[in-house]
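I opened this notebook to record what I looked up in one structure. The entries follow the order of my reading.

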Amino acid sequence: MSVPAHIAIVMDGNGRWAEARGEPRTVGHRAGIEPVRATIRECARLGVGALTLFAFSSENWRRPETEVSTLMGLFMEALEREVQELHANQVRLRIIGNRQRLAVGLQQRIAEAEALTAGNTGLQLQVAVSYGGRWDVIEAAKRLAAQAASGALRAADIDEERFARELQLADLPDPDLFIRTGGDHRISNFLLWNIAYAELFFTDALWPDFNAEIMAEAIEDFRGRERRFGLTGKQLREEPRV
Ligand code: IPE
Ligand code: IPE
Ligand code: MG
């Protein structure tokens, strides 16, 4: 079997990584940038089609103001520094999440980076910032409700395919592999709809320590899974899926 077409990663553990070194949490966030670069490079090298990274959740806004503003500064800095190289490597970058909560300057940089890389056909990279899975579903529901209210859509025509088209990852296949670093076994409001059948992989490694070897371990583990999608194992072996 080949590599997963779409990998989603919850990049957790920056704060603990720093605290273990007697440093402020923000040092861990800064140390988390290099593994992001390495992961993007590795996914491009392996031929992974799409990578979706959870960088900041809708709930993370409730953290201390200083931590939030440091993180926002790091996003801005990383965006400015990396976008040309991403573009040169044919990466299409998009930010998913409630961007209205972001500073106007950051919103502008995001729009510029997305416009610059929009036509790129290499790795499809999504960075989730100010993102919540529930927010995503509610936004989709609101858009469908507005269309139904205006008469453009019949409620009876809303099915899974139509609903999914309103979500942030509308044009991408669902993640095949979901990875979370930092040792906790939870979703924390990441892609609720899209990970319905993702294979889950958890590692105790803290995000700043994530690297190509751990990624290889996750992919190897993924390859060993039998993805049944509700069928029996016997059905899968006997009837090749169409
Ligand atoms: C993940 O690391 C980054 C963000 C959520 C912004 P954390 O900051 O959650 O680090 P831990 O989990 O406290 O160690
Ligand atoms: C999940 O990590 C969000 C990101 C990695 C961006 P959290 O650290 O916010 O998750 P909880 O609070 O431990 O569930
Ligand atoms: Mg955390």
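**Conventions.** I noted that this is a predicted model, in which local features need pLDDT of at least 70, side-chain atom pairs count only at pLDDT 80 or more, and totals for chains, interfaces and linings use all residues. Residues are numbered from 1 along each chain as its sequence is written, chains are lettered from A and ligands numbered from 1 in the order in which they are written, and side-chain values use heavy atoms, with hydrogens and water left out.

I looked up the residues around ligand 1 and found 13, of which Asp12, Gly15, Arg16, Arg25 and Arg63 come nearest. A residue is counted as near when one of its heavy atoms lies within 4 Å of the molecule. By class, I recorded 3 nonpolar, 5 polar and 5 charged residues in this shell. Here Ala, Val, Leu, Ile, Met, Phe, Trp, Tyr, Cys and Pro are nonpolar, Asp, Glu, Lys and Arg are charged, and the others, Gly among them, are polar.

I then asked which helices each supply at least two residues of the shell around ligand 1. They are α1 (14-19), α2 (25-31) and α4 (65-88). The largest share, 3 residues, comes from α1. Helices (H or I, at least four residues) and strands (E, at least two) are DSSP runs, numbered from the N terminus.

**Ligand 1, contacts.** I found a backbone N or O atom of Arg16 at 2.7 Å from an oxygen atom of ligand 1. For Asn14 the corresponding backbone distance is 3.2 Å, and for a polar backbone atom of Gly13 the distance to a ligand oxygen is 3.3 Å. On its own ligand 1 has 380 Å² of accessible area, and the protein covers 88% of it. Such areas come from the Shrake-Rupley method with a 1.4 Å probe.

**Ligand 2, surroundings.** I listed the residues around ligand 2, among them Val10, Met11, Phe54, Phe56 and Ser188. Strand β2 (residues 50-57) gives the largest share of this shell, 3 residues. I recorded 5 nonpolar, 2 polar and 4 charged residues by class.

**Ligand 2, contacts.** Which distances separate side chains from oxygen atoms of ligand 2? I found 3.1 Å for a polar side-chain atom of Asp12, 3.4 Å for an N or O atom of Arg180 and 2.7 Å for an N or O atom of Arg186. Taken alone, ligand 2 exposes 390 Å², of which the protein buries 79%.

**Salt bridges.** I noted that the structure holds 33 salt bridges, each a side-chain nitrogen of Lys or Arg within 4 Å of a carboxyl oxygen of Asp or Glu. I examined the one between Glu34 and Arg37, with the closest N and O atoms 3.1 Å apart. Both residues lie in helix α3 (residues 33-46), 3 residues apart, about one turn of the helix.

Terms used. Polar contact = N/O pair within 3.5 Å; in protein donor to acceptor, adjacent residues only side chain to side chain.
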